[in-house]
Amino acid sequence: MEPPTQRSVISRLLRLLLAVFLSLLCIGAASQAVRLGLSRMFAGYGLLTGDLGPVDQALRMTPDDPDARVNRAALLSQRGDHREAAAELERAAQLRPRDYYLWLELGMSRDRMGDAAGAELAFRESKRLAPNYAQPAWQLGNLLFRAGRQDEALAELVRAAKTDSTFVPAAIELGWAVRPSAAAIKEILKPQTAFEHLALAHFFARHGDGADAIAEWHSSGSENRDEIVSLIRQLIGQSAYRDAHELWAQAYVSGNSNPEPPGVLMYDGGFERPLAVDDPGFGWRVSQKITNVNLSIDANNPREGAKSLRIDFHGVSNAPSAVSQMVLVEPKTHYRLQFSSRVQELVSGGLPVIVVADAAAPQVEFIVSPGLAGGTDQWRDSNVEFQTSDRTQAVVVQIKRLSCASEPCPIFGSLWLDSFSMQRK
């Protein structure tokens with residue numbers, strides 16, 4: 001065997017040194033990974049327990065870990081030390097300058113400590129780094145809004161709402177605070193999606209603006225029943241009865257194969273159509289809190305037409321009104337309500353009656369009919385007259401019971417009702 005040359009010895013030595021160096025690098029990397037893992041564990045535990053000690057220990061181990069500094073900032077903010085929290089977030093942003101979330105958190109921290117100018121700079125940097133994210137624009141818009149810079153604020157708020165639709169209702173509310181008109185809100189939002197049109201519809205309905213609510217509902221193209229019900233109830237809640245009636249008629253009555261004749265005030269006075277338990281508007285409503293009362297549409301022996309309403313009583317009933325209907329009326333106007341009834345073996349100390357009350361103030365009862373009694377099982381035609389107040393726009397016709405001299409007050413037997421109509425006198 002030939003003796004090794006000087007060159008081969010040097011080559012072997014270099015390979016050995018390289019191997020040693022790589023081994024040391026691996027050991028160093030593993031050590032660094034272990035250190036970072038322990039640091040993150042301490043930082044997470046400190047945030048979970050609200051204890052700064054473990055977080056400070058984490059920062060001693062890895063002072064350049066921005067996540068540990070974010071955790072420390074969160075704990076400081078919880079303790080009301082917003083200035084020091086902002087300082088920690090500034091260090092974190094320096095360590096990871098392209099993280100939009102760190103700049104967003106820094107902006108909110110500066111805002112909490114009263115540094116509006118610093119907060120604006122941080123929010124704008126966050127927005128620059130994440131132009132398609134909603135939160136930076138939303139936070140910037142809120143900051144500008146509170147600073148009185150409404151035009152700039154609304155532009156940012158709408159930008160955020162266009163990115164994340166959950167911000168749309170709040171953007172509409174803030175826009176209304178600046179420019180309280182339907183036309184201005186539409187111009188600010190420039191609605192394009194069904195969600196945006198529906199959000200405007202609900203907003204206008206809550207403010208009693210039925211015309212714009214209906215227009216936006218049409219623009220949305222929505223046929224969702226829950227949305228329509230909500231809009232009708234919101235309009236009724238704002239006493240916008242005529243607009244609510246228009247929407248109800250379009251959604252529930254339009255296209256009916258047997259529409260009411262023009263000028264008829266009450267809908268389906270002869271109970272020819274099925275009862276709607278949850279009708280939100282101006283059809284017959286059936287109470288969902290009835291005990292010991294059965295209601296049905298009866299095709300046997302109606303007063304006129306093909307059907308009548310049958311109510312069977314089986315004891316103590318807790319429903320203040322079994323069936324009711326809201327009807328549009330005019331203020332300071334005299335009306336006559338006509339209806340037909342028959343009873344069978346009806347026994348009670350509190351007989352059924354027909355009550356007409358103000359829809360906006362149900363405690364104001366314009367008329368209460370005599371008790372619906374009789375035992376001949378024959379139809380009896382009745383009428384009552386009443387006059388609305390100078391502010392009444394709608395009334396509620398209800399089937400209720402007279403009060404008893406003592407409780408409990410059971411009722412037994414059957415009652416049929418038919419041929420309801422209302423006319424101006």
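Residues are numbered from 1 along each chain as its sequence is written, and side-chain values use heavy atoms, with hydrogens and water left out. As this is a predicted model, local features need pLDDT of at least 70 and side-chain atom pairs count only at pLDDT 80 or more, while totals for chains, interfaces and linings use all residues.

**Exercise 1.** Work out how α6 and α7 pack and which residues make the contact.

Step 1. Find the helices: α6 covers residues 116-129 and α7 covers 134-146. Helices here are DSSP runs (H or I, at least four residues) and strands are too (E, at least two), numbered from the N terminus.

Step 2. Take the axes, which come within 9 Å and cross at roughly 155 degrees. Therefore α6 runs roughly antiparallel to α7. Axes are lines fitted to C-alpha atoms, for helices over the stretch in contact, and angles run from 0 to 180 degrees between N-to-C directions. Angles under 35 degrees count as roughly parallel, over 145 as roughly antiparallel, 65 to 115 as roughly perpendicular and the rest as oblique.

Step 3. Get the hand: α6 and α7 make a left-handed crossing (the near helix is turned anticlockwise from the far one by less than a right angle; clockwise would be right-handed).

Step 4. List the contact (heavy atoms within 4.5 Å). From α6 come Ala 116, Ala 119, Glu 120, Phe 123, Arg 124, Ser 126 and Lys 127, and from α7 Pro 136, Gln 139, Leu 140, Leu 143 and Leu 144. In the contact of α6 with α7, seven residues are nonpolar, two polar and three charged. For these classes, Ala, Val, Leu, Ile, Met, Phe, Trp, Tyr, Cys and Pro count as nonpolar, Asp, Glu, Lys and Arg as charged, and the others, Gly among them, as polar.

**Exercise 2.** Now do the packing of α5 against α7.

Step 1. The axes of α5 (residues 100-112) and α7 come within 10 Å and cross at roughly 20 degrees, so α5 is roughly parallel to α7.

Step 2. The crossing of α5 and α7 is left-handed.

Step 3. On the α5 side, Tyr 100, Leu 104, Met 108 and Asp 111 meet Gln 135, Pro 136, Gln 139, Leu 143 and Arg 146 of α7. That contact of α5 with α7 holds five nonpolar, two polar and two charged residues.

**Exercise 3.** What lines the largest pocket?

Step 1. A pocket, on a 1 Å grid over the protein atoms alone, is an open set of points where a 1.4 Å probe fits, with protein on both sides within 12 Å along at least five of seven lines; lining residues have an atom within 4 Å of a point.

Step 2. The lining of the largest pocket counts 18 residues, with Arg 285, Ser 321, Ser 324, Val 396 and Gln 398 nearest its centre.

Step 3. β1 (285-286), β4 (323-328) and β9 (394-401) each give at least two lining residues, and β4 supplies the largest share, four residues.

Step 4. Sort the lining of the largest pocket by class: ten nonpolar, five polar and three charged.
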